[in-house]
Amino acid sequence: MTPHAAFGRRARATVPARNDWRSSRCSKRESRDGDGDARPDAPPVSSAPSYRLDLFGYGGISEHTAGAVLTAVSAPYPRPPARYRLWTGDALISRLRSVALSQFLDENAADVQVMVDHDVSFPPDAPARLAAHAHAIRGVVGGLYAKRSEGGGFASPTAGPVVGLRDELREVPYVSTGFLAIDRRAADAMIVALSDEGMDPDLRVRRCRCGDRDFWDVFRPFSVPSERAPGLCEYLSEDWAFARRMQAAGVPVRLWLGAEIVHHGEKAWRWGDVIG
């Protein structure tokens, strides 16, 4: 598996070959000290962290996702990403996400990692705003989007009704990784807290190797006793297992309602498909 510098025909025609996006404009110092136009519902530009945008293309990249990413990397507000990575070539998404986060930590080139799936689209400033929230709380923040099925609801618990856009963070037990920001300090804290040999074996994180890659297995799925079906277990997918580990380490996990993330499949699934 090798991160690529371009994706799809459209991207190859318009995206630079390097993975270091506007490195002279997006250094940590400038992202903290720069000026610009601030929006009333978002953190001030002077506090905007640097972030890396990681696109997971394991299912083929939607043209809507490609367009959203290309627009985001050149968005003037509040900062484009310091770096961009495309991840493909591994059918085991839990391992691919674990490798990506481990590489982000080892690289130490940005404050926040923003994960984007191959089938979502979003406003141009949404990745930077999501990153700013994750950095502000030293935690994990996910954007809200609908499942790709009739009556499927939202992909994350909402901790209350959703009536419309608002720049609000809600405490939730899980967030999905289709549009997710992870603060570097939060990930470091989780690994330190959960790598001890005395930890619960499901929660514990370990340094692993696959081929020539070393990584922390932070997205490894596991099962927990089901609250809805006594005597049975509930299988936690890689994103919900990751959220459970973060919470076990004392890291805040929040859901952000400040941008509508559209989930693309047979049609474009929007919030309105859930809330009417």
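These legends describe close-up views of one predicted protein model.

**View 1**
The model is predicted. The protein has eight helices and 14 strands. Of its 276 residues, 51% are buried.

**View 1. Strand 1 pairs with strand 2.**
Strand 1 covers residues 51-56. Strand 2 covers residues 83-87. The two strands run in the parallel sense and are joined over five bridges. Leu 53 faces Tyr 84, which belongs to strand 2. Strand 2 is mostly covered, with four of its five residues buried.

**View 2. Asp 119 sits in a loop between two strands.**
The loop lies between strand 3 (112-117) and strand 4 (120-121). Is Asp 119 buried or exposed? Asp 119 counts as buried because its relative accessibility is 7%, and the cut-off for buried is under 20%. The side chain of Asp 119 makes a polar contact of 3.3 Å with the side chain of Arg 148. Leaving aside residues up to four places away in sequence, Asp 119 touches Ser 62, Thr 65, Arg 148, Val 262, His 263 and His 264.

The order of the three strands is 4-13-14, and their pairing is antiparallel. Strand 4 and strand 14 (268-269) stand at the edges. Each has a single partner strand, so one side of each lacks a neighbour in the sheet. Strand 13 spans residues 262-264 and is joined to strand 14 by two bridges. Opposite His 264 stands Ala 268 of strand 14. His 264 is also one of the residues that Asp 119 touches.

**View 3. Helix 6 packs against helix 7.**
Two packed helices are described by the angle and the distance between their axes. Helix 6 covers residues 184-194, and helix 7 covers residues 238-248. Their axes lie 9 Å apart, at an angle of about 75 degrees. Helix 6 is therefore roughly perpendicular to helix 7. Which residues make the contact? Helix 6 contributes Ala 186, Ala 187, Met 190 and Leu 194. Helix 7 contributes Phe 242, Arg 245, Met 246 and Ala 248. The residues of this contact divide into seven nonpolar, no polar and one charged.

Key: Residues numbered from 1 in each chain as written. Predicted model: local features only at pLDDT ≥ 70, side-chain atom pairs only at ≥ 80, totals over all residues. Heavy atoms only, no water. Buried < 20%, exposed > 50% of the residue type's maximum accessible area, 1.4 Å probe, protein only. Polar contact = N/O pair within 3.5 Å; in protein donor to acceptor, adjacent residues only side chain to side chain. Contact = heavy atoms within 4.5 Å. Pairing = 2+ DSSP bridges. Axes fitted to C-alpha atoms, helices over the stretch in contact; angles between N-to-C directions. Parallel < 35°, antiparallel > 145°, perpendicular 65-115°, else oblique. Nonpolar A, V, L, I, M, F, W, Y, C, P; charged D, E, K, R; others polar.
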